[in-house]
Amino acid sequence: MWQSEVRVDLDAIRENVAQLKTGTSAELMAVVKADGYGHGMVPAARAALDAGADWLGVCTLDEALTLRREGITAPVLAWLLAPGLPLHDGVAVGIDLGCASLTQLDELVEAGRRADRPARVHLKIDTGLSRGGATVADWPALLEAAAKSQADGLVEVVGVWSHFAYADSPGHSTIDRQLAVFEEGVAMAEKAGLHPRYRHLANSAATLTRPDAHFDLVRPGLAIYGLSPVAGERFGLRPAMTARARVMLTKRVPADTGVSYGHTYVTEQEANLAVVPLGYADGVPRHASSTGPVQLGGKRRTIAGRVCMDQFVLDCGDDEVAAGDVATLFGSGANGEPTADDWAEAVGTINYEIVTRFGGVRVPRVYDGERQAASPVRGTQP
């Protein structure tokens, strides 16, 4: 018997990836960083590869090395690399690495020497997000140094890439501006003697709404898990995650009873309360206090009072509820339950944050659609 769980439908991930593949002629990188956006990095990666993903994308070197240790040999790009990491470990197993500065390039050259093979590098230009990537002013120097290192056989420049700031708002003026800066950056790379196989810019939102930004490779993340990056649009995607728990305790209380810490919620009438054993230690945002929607007994209810570390309370009025009944926080919405989008709206955040909070230490993930004989390999390891 289970107490709480996050269910992940791997067939939903497969369907979403297959749908995204039909919408582009570019290769597709399934982004599985942050433990697969809370869905489990390795199972999500295998499902995406099953459905035709060509690449996997992660942030950290450790994430990339984990994929390799799990027997996944498909191309992997890791791009969030602090100084001093053992990059040679990644180079040795064919992991592609992001590069946004001369300092990073020097580290990648040294990593290649230690691994006795050239590091496969994706040069990143900052086209307007002002986060990762070389500035437009620093781009020529990075290109010159990378071209020399490649000519010397020390690195292989595989890609040029960037990231949108506003693709989740189709029509925003920054999208075209960033696209123009990116195209100029690619042209500068070619003039410097670099002819990277992959130009990539499109995240989930641009994959879905800007085919002119697909180039050679698209990098959907959120969309492969069935969530939309564009408010008010679903794009036919199917959410893969359901979070739920069994009611731990019920009790009948009189009117004017304060509920949970600080008594920020007080019953208006005699009511049945249901205690649900999930809290902010499990991924439930504390900001969901008195706002979070939960389905119990076929009805949507709202969390009563403050979310605690390990539990929250529902006021069920006169409805009969019992210990062991299933309370669903969010799912696909197919059975009337709230969705991650509903939760995001309720707590003033984005659906990305809702799903990545769940599936932690105490809440087990349960997989539907898991294939025992699923191949870990798609494509050829570089």
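So, to start: which residue in β9 does Leu28 stand opposite? It's Val218.

Before I go on, a word on the model. It's a predicted one, with local features needing pLDDT of at least 70 and side-chain atom pairs counting only at pLDDT 80 or more, while totals for chains, interfaces and linings use all residues. Residues are numbered from 1 along each chain as its sequence is written, and side-chain values use heavy atoms, with hydrogens and water left out.

Okay, the barrel. Eight strands close up in the order β2-β3-β4-β5-β6-β7-β8-β9, with parallel pairing. Strands here are DSSP runs of E, at least two residues, and helices are runs of H or I, at least four, numbered from the N terminus. Two strands pair if DSSP finds at least two bridges between them. Strand β2, residues 27–31, is joined to β9 by two bridges, and they run parallel.

Then there's an open sheet of three strands, order β11-β14-β17, and here the pairing is antiparallel. β11 (249–253) and β17 (312–315) are the edge strands, each pairing on one side only. Strand β14, residues 271–276, pairs with β17 over four bridges. In that pairing, Ala274 has Leu314 in β17 as its bridge partner.

Now the rings. Searching the whole structure turns up six aromatic pairs. The rule is ring centres within 6.5 Å for Phe, Tyr and Trp (its six-membered ring), with planes under 30 degrees apart called stacked, over 60 edge-to-face, and the rest tilted. Take Trp55 and Tyr198: centres 5.1 Å apart, planes at 80°, so that's edge-to-face. Trp55 sits in strand β3 (residues 55–58) and Tyr198 in strand β8 (residues 198–202), so the pair links parts of the chain 143 residues apart.

Are those two buried or exposed? Trp55 is buried at 1% relative accessible area, and Tyr198 is buried too, at 10%. Buried means under 20%, exposed over 50%, partly exposed in between, with a 1.4 Å probe and protein chains only.

Last one: Tyr37, Tyr225 and Tyr352 form one aromatic cluster.
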